[in-house]
Amino acid sequence: MLETHYLVIGSGVAGLTFSVKIAEKFPEQKVVIVTKGSEDESNTKYAQGGVAVVLNKEEDSFKKHIKDTLIAGDGLCKESVVEMVVKEGPQRLNELMEWGANFDEDSTGNLDLGKEGGHSEYRIVHHKDLTGAEVERTLLKRVHQLPNITLLSHHFAIDLVTNHHIKNSEDAKLSCYGAYVLNQKNGNIIRIKANATLLASGGIGCVYGHTTNPVVATGDGVAMAYRAKARIKDMEFVQFHPTALYEENGESAFLISEAVRGFGAYLRNSKGYRFMPDYDERAELASRDIVSQSIDTELKKSGDNHVYLDCTHLDMEGFKKHFPTIYDKCLSLHINVETDWIPVVPASHYLCGGIKVNKKGKTTVENLFACGECSRTGLHGANRLASNSLLEALVYAHNIFKYLSKNKYKSKDIVIPEWNDEGTVIPEEHVLIKHNLKRLQALMRDYVGIVRSNKRLKRAIKHLDLIYAEVEDLYRESKITASLCELRNMVNVAHLIITQSLERKENKGGYFNKDNVKK
């Protein structure tokens, strides 16, 4: 059994920021980070946009950033949380820069601030169109310099260890003692006992198949927390990014950043008609939910698979400078942005809900914290404002660090029992996992997509019950594999999205159910 002071599950901006801070402050304490992919594979790496921070006090203000966030969240944000996150933003950004993150500067040597949908001012700090990768690089470099951090890549957290695993547990409160973790290289399941555990496991995009997230975004943290009986909230608010590059066979979609519309690109349907002004006076710069729903409506009307993003009228030199990755990706698919329109389609992008936490990042389970996309802080409400996610992760990682610096959790005198897999066999039927995954993703896209209805949601429950039964049978009978655990997690996440969608009787932000429209 491996013992540590802090167990961190996930190696994106949320998990790494916390790890670096706590390891720097307490060199004698141990931090173990487990991550199921390679160490840099996370949603953070693919965040093109940037970090939303108020830096130019003459043009911008905290008040404006707070207002923009509240408008996007459509009345469901927690105002005190929004205020805290926005006001702490500049300090947290400075720390990143002190650790060596490079952000783009303008000709005067000041940070070059971009603008995105829903923002009233220029306030997006970015590194070309690869901001997330730059943040990830900076944090990993620092992690490797700290001897008290152990980073276990290709280790998959299967389940959190709580009271019900422990014989004669004396804790009256529901508590977390660590996790069971699968070493994906040799198939062994190890026990990690921790004084405090942080879930920083990222998003759920793969539940929908068509997603801007990498293949690792399978909602593992949300599902583990749910099975550990932590409170999960606002799961109906799945944000769809309006403009993912449309590829015939694409599962994980390439993102065409919000900032491209901020730069002046137009959305057109297959007839060449620019439709966004018909839906919103802000046209292409309306918030994501409005743009996604408008595209969804256009596609339902026409029966097409995609709409187009037209950049042909833009300053091309400026475009190539700002969006080199996007320009090259399009070229590799024989799309020349100077003369061709880019085919785009909405794709699942970001989970606004998740594991409910307070301002200190504490979940409803003792010793268990959550941070980043898997958490629900109250910042995003019914819809996240562009580039507020990296900001949220930085601020909450800091808050959890502050709390744990003051409140030292002691090691519990318990023994975590070994993982019991007696009677299980190595699954020969990998095809069953693949088949059920495809069924689940099609179900979520067709029945629980951008525009929902009660009838579809109820049908979805029936279909999901069949998949759930089959997956649980597989799980009981088989030796553990990461792909089987991921499928089981995605089934849990789908269940949460569907049931919480049915509970919502009023359309807000990114959630739209046509049965809630007042006739």
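## Asp171 and Lys412

Asp171 is partly exposed, with a relative accessible area of 27%. In this predicted model, the side chain of Asp171 meets that of Lys412 in a salt bridge, with an N to O distance of 3.2 Å. Lys412 sits in the loop between helix 11 and helix 12 (430-447), while Asp171 belongs to the loop between strand 7 and strand 8 (176-183), so the pair ties together parts that are 241 residues apart in sequence. Lys412 also counts as partly exposed, at 28% relative accessibility.

## Overall fold

The chain has 14 helices and 19 strands. Its radius of gyration is 22 Å, close to the 24 Å that the globule rule gives for 519 residues, so the chain is as compact as a globular protein of that length. The C-alpha trace spans about 65 × 55 × 45 Å along its principal axes. Of the 519 residues in the chain, 60% are buried.

## Other salt bridges

The structure holds 33 salt bridges. One of them joins the side chains of Arg488 and Asp159 at 3.5 Å, N to O. Arg488 is in helix 14 (residues 482-503) and Asp159 is in strand 7 (residues 155-162), so this contact ties together parts that are 329 residues apart in sequence. Arg488 counts as buried because its relative accessibility is 11%, under the 20% cut-off. Asp159 is likewise buried, with a relative accessible area of 12%.

A further salt bridge links the side chains of Arg288 and Glu258, at 2.7 Å from N to O. Here Arg288 lies in helix 8 (residues 288-302) and Glu258 in helix 6 (residues 258-262), so the pair ties together parts that are 30 residues apart in sequence. Both Arg288 and Glu258 are buried.

## Helix 5

Helix 5 (residues 220-227) is mostly covered, with seven of its eight residues buried. These buried residues are Asp220, Gly221, Val222, Ala223, Met224, Ala225 and Arg227. Lys229, which follows helix 5, has a positive phi, near 70°.

## Positive surface patch

A patch of positive charge on the surface brings together Lys25, Lys78, Lys359, Lys360, Lys402, Lys406 and Lys408. Among these residues, Lys406 is placed in helix 11 (residues 388-406). Lys406 has a relative accessible area of 69% and is therefore exposed, the cut-off for that class being over 50%.

Notes:
Residues are numbered from 1 along each chain as its sequence is written. This is a predicted model: local features need pLDDT of at least 70, side-chain atom pairs count only at pLDDT 80 or more; totals for chains, interfaces and linings use all residues. Side-chain values use heavy atoms; hydrogens and water are left out. Patches are made of residues with over 30% relative accessible area and no salt bridge: like charges are joined within 9 Å, nonpolar side chains (Val, Leu, Ile, Met, Phe, Trp, Tyr) within 5 Å. Accessible areas come from the Shrake-Rupley method with a 1.4 Å probe; for residues, only the protein chains shown count as cover. A salt bridge is a side-chain nitrogen of Lys or Arg within 4 Å of a carboxyl oxygen of Asp or Glu. Lys and Arg count as positive and Asp and Glu as negative; His and the chain ends are not counted. The place of a charge is taken as NZ of Lys, CZ of Arg, CG of Asp or CD of Glu. Helices (H or I, at least four residues) and strands (E, at least two) are DSSP runs, numbered from the N terminus. Buried means under 20% relative accessible area, exposed over 50%, partly exposed in between (1.4 Å probe, protein chains only). The radius of gyration is taken over C-alpha atoms; the globule rule is 2.2 Å times the number of residues to the power 0.38.
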